[in-house]
Amino acid sequence: NRFGQRVIIAGVPDCTARDLVEAAGEQDPIEVVHKPSVDGHEVKSAIVAMVAKGPSPLKYWSVKMIDQWSQMEHRGIPGTAKDRRDAIGELLLEGVLLRQPGQDPKNGRAVTMALLDSEAAQKLGYLRNA
């Protein structure tokens, strides 16, 4: 204010320091938009369905590829990027996705493949028909 400038504090109500707002003189409250929570089971089922449908163009899946593909909006996997990443982590912990050393069929280099355990996926209700 001492330089003759108008200062507006943009912040979330009840999360912005009162002293800061008082010193500035004006506040522009930011509205917090809560996204509806997604069903984790639904997210995991969609990822399992994507992996079960078939391998990536490289003829194998890796955890990184599963993550990248699940983030593509046209794949229709519900939730946020974080929801999808968390679901992949949970699928690994549950033993639905398994990491296994393998070889890239195109160039023969060593890779870590992500394999789908269809039995585990069915037991946990992520996959109906395998």
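K123 is found in helix 5, where helices are DSSP runs of H or I with at least four residues and strands are runs of E with at least two, numbered from the N terminus. K123 is exposed, with a relative accessible area of 72%; buried means under 20% relative accessible area, exposed over 50% and partly exposed in between (1.4 Å probe, protein chains only). This is a predicted model in which local features need pLDDT of at least 70 and side-chain atom pairs count only at pLDDT 80 or more, while totals for chains, interfaces and linings use all residues. Residues are numbered from 1 along each chain as its sequence is written, and side-chain values use heavy atoms, with hydrogens and water left out.

- In soluble globular proteins, nonpolar side chains tend to be buried together.

**Packing of helix 2 and helix 4**

- The axes of helix 2 (residues 40-53) and helix 4 (residues 81-94) come within 9 Å and cross at roughly 75 degrees; axes are lines fitted to C-alpha atoms, for helices over the stretch in contact, and angles run from 0 to 180 degrees between N-to-C directions.
- The two helices, helix 2 and helix 4, are therefore roughly perpendicular to each other (under 35 degrees counts as roughly parallel, over 145 as roughly antiparallel, 65 to 115 as roughly perpendicular and the rest as oblique).
- Helix 2 contributes V43, K44, I47 and V48 to the contact, and helix 4 contributes D83, R84, A87, I88, E90, L91 and E94; contact means heavy atoms within 4.5 Å.
- By class, this contact of helix 2 with helix 4 has six nonpolar, no polar and five charged residues (Ala, Val, Leu, Ile, Met, Phe, Trp, Tyr, Cys and Pro count as nonpolar, Asp, Glu, Lys and Arg as charged, and the others, Gly among them, as polar).

- W61 counts as buried, at 5% relative accessibility.
- Not counting residues up to four places away in sequence, W61 touches M50, V51, G54, P55, S56, I66, W69, T112, M113 and A114.
- The structure holds one aromatic pair, formed by W61 and W69, which is edge-to-face at 5.0 Å centre to centre with 85 degrees between the planes.
- Rings of Phe, Tyr and Trp (its six-membered ring) pair if their centres lie within 6.5 Å; planes under 30 degrees apart count as stacked, over 60 as edge-to-face and the rest as tilted.
- In helix 3 (residues 63-70), the buried residues are V63, M65, I66, D67 and S70.
- These buried residues of helix 3 have a cover that includes helix 2, helix 4, strand 3 (97-103) and strand 4 (110-116).

**Loop residues**

- K59, in the loop between helix 2 and helix 3, is exposed, with a relative accessible area of 59%.
- The phi of K59 is near 75 degrees, a positive value in a residue other than glycine.
- I77, in the loop between helix 3 and helix 4, counts as buried at 6% relative accessibility.
- I77 touches V43, A46, I47, M50, S70 and R84, not counting residues up to four places away in sequence.
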